[in-house]
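Here are my notes on this model, as numbered points. Have the structure open while you read; I begin with one of the cavities and work back to the rest.

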Amino acid sequence: MEISFIPLDYDYFDWQGKNYLKIIGRSEDGKKVCIIDSFQPHFWIILNEKISEKRIQEIQKKIEEIKVFCSNRTTKVLKTQFCTKNFLGKPVKAIKIFISNYKDAWAIAEKIDFKEVRAKREYDLPLITKYIIEKKLLPLSWNRVTGEILNNSQEFDGLDSSLEVDLCLKVKKFQKLENKEILFNPKILAFDIEADEFDIGKGEILMISLVGKNFKKVLTWKKTRKKPEYVEVFENEAEMIKAFVNYVKKLDPDILTGYFSDGFDLPYLRARAEKNKLRLNLGVDSRQPNFVRGKISSAKIFGIVHVDLFRFIESVYSQYLQSETLSLNDVAWELLGEKKHDFKLKNQKTLKEEEWKDYFEYNLQDSVLTYKLTEKFWPDMQEFCKIIQEPLFEITRNSMSQLVESYILHNLEKYDEIAEKRPLHDEIAKRRSRPKYEGAFVLQPKAALYENLAIFDFTSYWPSIIVTFNLSKSTLLEKKEKDSLEVDIGKKVYFSKKPGFFPEMLREIIKRRKKHKAEYRKNENPILKARSNAYKLLANASYGYQGFFGARYYCPEASAAATAISREFTKKTIDKINEKGYSVIYSDTDSIAFKLNGHTKREALDLLKEINSHLPGIMELELEDFYKRGIWVTKRTGEFGAKKKYALINDQGKLKIRGFETVRRDWCNLARNLQNQILESILKEGNEKKALKIVKETIKKIKNRDVEKEDLIIRTQLKKPLAEYKAITPHVIAAKKLKESGIPIDAGMLIEYYIGETKNKKALVRERVKLPDEKGNYDINYYLKNQILPAIENIFEVFNINVNELIEGKKQMKLDVF
DNA sequence: GTGCACACGGCAAC
DNA sequence: TCGGTTGCCGTGTGCAC
């Protein structure tokens, strides 16, 4: 039997003491297929260089006799092979050790104890990763698979008959179908639950919505007289949960998707199924979801890829979103232009008959949004999966640094490298306590309103430095060598000029990103965009990876060298721009803003060309944009210009605002909106007159108590459990108030409050905190002095105007007089 | 009691 | 365990005077 097959979900099992893979995917004609493949795992030991051939053979012979007994099985070494490989860029003598069961690789490695063994490696890779690297059955890629159909076979203890699939094949061989792009549209099913208690399992699940292509359903046990046609009513919670499982099985999706379903929906379903003595047998082998431990446990369902879209967005895309929170509502609004339905959750017992309809609608809409967002992110997930070569389940949950690491592991073969090991507990502790290294350069600006500006920035600064200067763990030298690169990072460090695999991989990533970006420009489709973007994200994360304490290829010297080199280039470039008759105003890391001083744009572009002709390697400076005006302000404390705070307007009238309160979510909308208007007015008009008028109107509005409460609410995130706070700040007080009113408080919650008026005018801010629902007058003085003033004071200072006087009314009187 | 410096905490820039 | 450092600024806190 021969089929075209695309792998979606990977799992493994033991049979007769050996490892087998069971991989679920689809055939070209849409059948759900499970293929079973054998796998002969191995790991490596690396030997000292001066070892004799005879001694190597002795060691091999002794290793081949090793056996371990654990968990009711015996695992043995099957064979060994002597090889010359590379490790951290250097040739090494190594022995490849094949074993019968990979789960015991660790135990076998522990039994190997010869003084000639320098290191043991690759016993700590996940089995599925190891399998994919070895056999190259890549996720989401089409393969021609030849095999034997298993139909009620005794082999593998009758595994095939327990699987709900159309076809089960025991693999003989397979081959990647190159140059054949069969379009694969996964069947997506989105779900969302509503429960009457927020704590997992504490209340009952009231309803479950399911949305697929041409499918919309809300399952409930609540009996209401009038209900929308998509609502299906069951006798009780247990029957509803059973129906949910049955629908999932019947609809047979490739992807079951939820929004924070790892942390809420699936754990809740599990808890309620247990309570009702039901099995949540969602897997194609009828297993229940497996909760893989982690900071948030990941719910894995065999044969259906459970995607928690929130986690993918959080780890991979959040930095590119404008949304102030990653709530479904905010993200859907930004990406789809749609919102959740307006519905204020309250206790179901007090819900009126007609309100249930709204509740059903609300529940359905959450699944609709999750479904649409998953469709929208599908190209991105797919491209990441293909590029990183890890299964979709892992891709959608791993952090960027893990994705970088997976990419490395799946590409080591080209360099004949043995993989480095993961750091263990003690090593991590040591790395975490390392002193910080110096970061990038930030130029102190002079506060003023400037006209006719340009900004240059370095293209992919960190990756281009790492590639150009060959900075990595494997190229770091112990001591100075002939023709090595010397970098001062507080002490002298040296890097080899012989290209290392990490910088070379990064070079390849950047090359591909360029290629796919060009392709996308010719043919704008979502797949090409996602592909180009995935390479970009991967390149950008590589700098952080080397400085990350959990990395296999951790190298703080490389990170510190990269920042040292960046400071040098940025400063040199600033000098050069100044020398050519321009005036540099500001610079942060990889960008430089300067005044044209009467030069034309053409001349500025010529300067850019000239600078580029002297930059080494793949380093490149590019034009970010030309700007009509820009404003920099002073810090509130001291008279120096503030860094990381500026606003610009380009020739097309588009604003670019950085660092100001306008873009910070922990300021009330009143202050943010006002500041935004002020900046826009000043940048557009070129003076402060109109802006001043807006300020006066706003102050009047505040004093007259005409401001809506929504605009006064301050939102601050609770970053850790309440009890851990040393400083009792206003948002901590607000969180305590919430808790007292019966709302569960968790780290990560965005706490909302406003500042109310009290008799004691000098009370601490935290003593004036009120929750949004609490009645009371807002504190006029607080909003004027602590919100409005800080937001605009420094902007007007540029024009020598004292806003404080305006607020207190002195100047206002004078102005009124004239 | 007031003024100051500093720690804590959150969030942004890159 | 689950990228990094730089920087701003409000609020709280402890100390000097």
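1. By class, the lining of the second largest cavity comes to five nonpolar, two polar and two charged residues. The classes are Ala, Val, Leu, Ile, Met, Phe, Trp, Tyr, Cys and Pro as nonpolar, Asp, Glu, Lys and Arg as charged, and the others, Gly among them, as polar. The residues themselves are V633, K645, F660, E661, Q675, P790, A791, N794 and I795. Helix α20 (residues 780-797) supplies the most, with four, and the volume is about 30 Å³.

2. Some ground rules before going further. This is a predicted model, where local features need pLDDT of at least 70 and side-chain atom pairs count only at pLDDT 80 or more, while totals for chains, interfaces and linings use all residues. Residues are numbered from 1 along each chain as its sequence is written, chains are lettered from A and ligands numbered from 1 in the order written, and side-chain values use heavy atoms, with hydrogens and water left out.

3. How many cavities of 30 Å³ or more does a search of the whole structure find? Two. A cavity here is a set of points, on a 1 Å grid over the protein atoms alone, where a 1.4 Å probe fits but cannot get out; lining residues have an atom within 4 Å of a point. Grid points are joined across faces, edges and corners, and a volume is the space filled by probe spheres set on the points.

4. The largest cavity holds about 60 Å³ of space. Around it sit V404, Y407, I408, F502, M505, L506, I509, L538 and S542. The elements giving two or more residues to this lining are α10 (400-411), α13 (501-522) and α14 (526-547), and α13 gives the most, with four. The lining of the largest cavity has eight nonpolar residues, one polar and no charged ones. Helices are DSSP runs of H or I with at least four residues, strands are runs of E with at least two, and both are numbered from the N terminus.

5. On to the packing. The largest nonpolar core has 194 residues, and those with the most contacts inside it are F43, I45, F244, L269, F384 and L471. Helix α8 (residues 353-388) gives the most to this core, with 16 residues. Apart from it lies another core, of 54 residues, including I694, I714, V732 and L771. A core is a set of buried Ala, Val, Leu, Ile, Met, Phe, Trp, Tyr and Cys residues joined through side-chain atoms within 4.5 Å. Buried means under 20% relative accessible area, exposed over 50%, and partly exposed in between (1.4 Å probe, protein chains only).

6. L269 is worth a click. Leaving aside neighbours within four places in sequence, L269 is in contact (heavy atoms within 4.5 Å) with F191, I193, I205, I208, I241, F244 and L280.

7. Nine of the ten residues of strand β2 (residues 18-27) are buried, so β2 is largely enclosed by the rest of the structure. Strand β1 (residues 2-15) runs antiparallel to β2 over ten bridges, with P7 opposite G25. Two strands pair if DSSP finds at least two bridges between them. The hairpin of β1 and β2 has two residues between the strands, and Q16 takes a positive phi near 50 degrees. On to strand β3 (residues 32-38): seven antiparallel bridges link β2 and β3, R26 partners K32, and the hairpin has four residues between the strands, with G30 in the turn at a positive phi of about 85 degrees.

8. Seven strands make an open, antiparallel sheet in the order β19-β24-β25-β20-β26-β27-β28. Its edge strands, β19 and β28 (655-658), each pair on one side only. Strand β24 (residues 583-588) has five of its six residues buried. D588 in β24 is the bridge partner of V442 and also stands opposite S591 in β25. The hairpin of β24 and β25 has two residues between the strands, with T589 in the turn at a positive phi of about 65 degrees.

9. Last, three strands form an open antiparallel sheet ordered β29-β30-β31. β29 (714-717) and β31 (769-770) stand at the edges with a single partner strand each, so one side of each is left without a neighbour in the sheet. Two bridges join strand β30 (residues 750-755) to β31, and Y754 stands opposite K770.

Definitions and conventions. 1 Å grid on protein atoms, 1.4 Å probe; cavity = no way out; pocket = protein on both sides within 12 Å on 5 of 7 lines; lining within 4 Å.
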